[in-house]
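This report describes selected local features of one protein model.

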Amino acid sequence: MTQCVKTRIDILRHGLPEGHGCLRGHTDFPITESGLVQMHTAVKGLNDIEQIITSPLLRCSDFAYMFAQKFALPCHHFAHWKEMDFGEWDGQSHDSLWQQHGASLEQYWQNPWLSTPHGGEALKDFDLRIEQAWKHLLDNFLGQNILLVTHAGVMKQLMRILLEMPESTSYLHRIDLPYAARYRVTVTTDDSGMHWPQIQWPTEQQY
C-alpha cells in the first residue's frame, strides 16, 4: 500500500488595489503600496512554499512575482484564477451602476445563479471555471506546498465547491474576506486518487 499524499495550498486574497468603490472583476486595477504591505504581512512566516500560482491581474500578480523573486521560487499565472467577469458592469463605480442598472443589479444580487451581468460571466460558468482550475492545480502540483494568490470571489466560490454548499446566494453574503485574507486547504490524496480537502485558518503555531 502506498502512502497518502498531502498537498497544502495557502490561498491569499490581494491587498488594497486602486479602483475604490468600483466593481473590479476583470478590470486590471493595480495594487497599491498599502495593499502590498497587507499581503506581505499576511504571509509572514510562510517560509516553506514550493510553488506560487497567481491570477494574472496586477492586483495579484505584482505581489506573487515579488514573493517568488524574494525566495527564488517558480511562479505560474493562470487565467482561470481571475475574478468573475462582470461584462459591461466591470470597472464601473457602484454608484454609477445603481443609477444606470438599479433594477438589474438588485435582481442579480438577489439570485446570481439565475441572473447574469450584461455581457458578463454566468455564475454557473464561473463556478465551473474555478472547479477546473482546482483540478488542474491538484493534477499538476500534487504533494507540494503552494501559495495561490487570487480574488475574494474566487475564494468564496472555491469554498462553496470544497464544502459542497448548495447553489444559493446566501454564502456570498455570509463570508467576509477582507483584503489580504488567507485560508489554507490541506488535501490528502489516498491510494485510489481520491482527494480529501480540509479548510483551515492558519496560525503562527503551524509554522
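Is Ala72 buried or exposed? The model is a predicted one, and in it Ala72 has a relative accessible area of 69%. A residue counts as exposed over 50%, so Ala72 is exposed.

Although Ala72 is not a glycine, its phi is positive, at about 55°.

Glu164 is likewise a residue other than glycine with a positive phi, near 55°. Its place is the loop between α5 (152-162) and α6 (170-174). With a relative accessibility of 72%, Glu164 counts as exposed.

Helix α2 comprises 14 residues, 58-71.

The buried residues of α2 are Arg59, Cys60, Ser61, Phe63, Ala64, Phe67 and Ala68. The elements that cover them include the strands β1 (5-13), β2 (51-54), β3 (75-77) and β4 (145-150), together with helix α1 (33-42).

## Aromatic pairs

A pair of aromatic rings is described by the distance of the centres and the angle of the planes. The structure holds four aromatic pairs. One of them joins Phe63 and Phe67, with 5.8 Å from centre to centre and 35° between the planes, a tilted arrangement. Because Phe63 and Phe67 are four residues apart in helix α2, about one helical turn separates them. Both Phe63 and Phe67 are buried. Ring pairs also bring Phe71 into a cluster with Phe63 and Phe67.

What is the arrangement of the rings of Trp89 and Tyr108? Their centres are 5.8 Å apart and their planes stand at 80°, so this pair is edge-to-face. The pair links distant parts of the chain, since Trp89 sits in the loop between β3 and α3 (94-110), whereas Tyr108 belongs to helix α3, 19 residues apart. Trp89 and Tyr108 are both buried.

## Buried threonines

Thr32 is located in the loop between β1 and α1. Its relative accessibility is 14%, so Thr32 counts as buried. The side chain of Thr32 reaches the backbone nitrogen of Gly35 at 2.9 Å. Leaving aside residues up to four places away in sequence, Thr32 touches Leu16, Pro17 and Glu18.

Strand β5 (residues 182-189) contains Thr188, and Thr189 lies in this strand too. At 19% relative accessibility, Thr188 is classed as buried, because the class covers values under 20%. The side chains of Thr188 and Lys6 are joined by a polar contact of 2.8 Å.

What does the side chain of Thr189 contact through a polar contact? The partner is the side chain of His195, at 2.8 Å. When residues up to four places away in sequence are not counted, Thr189 touches Cys4, Val5, Leu142, Met194 and His195. Of these, Leu142 is 47 residues from Thr189 in sequence, while the two C-alpha atoms are 8.5 Å apart in space.

## The largest pocket

How much space lies in the largest pocket? The volume is about 620 Å³. Its lining consists of 25 residues, and those nearest the centre of the pocket are Glu83, Phe86, Trp109, Ala152 and Gly153.

Helices α3, α4 (123-141), α5 and α6 each supply at least two residues of the lining. The largest share comes from α5, with four residues.

Methods. Residues are numbered from 1 along each chain as its sequence is written. This is a predicted model: local features need pLDDT of at least 70, side-chain atom pairs count only at pLDDT 80 or more; totals for chains, interfaces and linings use all residues. Side-chain values use heavy atoms; hydrogens and water are left out. The expected span of a helix is 1.5 Å times one less than its number of residues. Buried means under 20% relative accessible area, exposed over 50%, partly exposed in between (1.4 Å probe, protein chains only). Contact means heavy atoms within 4.5 Å. Rings of Phe, Tyr and Trp (its six-membered ring) pair if their centres lie within 6.5 Å; planes under 30 degrees apart count as stacked, over 60 as edge-to-face and the rest as tilted. A polar contact is a pair of N or O atoms within 3.5 Å; within protein, one must be able to donate a hydrogen and the other to accept it, and residues adjacent in sequence count only if both atoms are side-chain atoms. On a 1 Å grid over the protein atoms alone, a cavity is a set of points where a 1.4 Å probe fits but cannot get out, and a pocket is an open set with protein on both sides within 12 Å along at least five of seven lines; lining residues have an atom within 4 Å of a point. Grid points are joined across faces, edges and corners, and a volume is the space filled by probe spheres set on the points.
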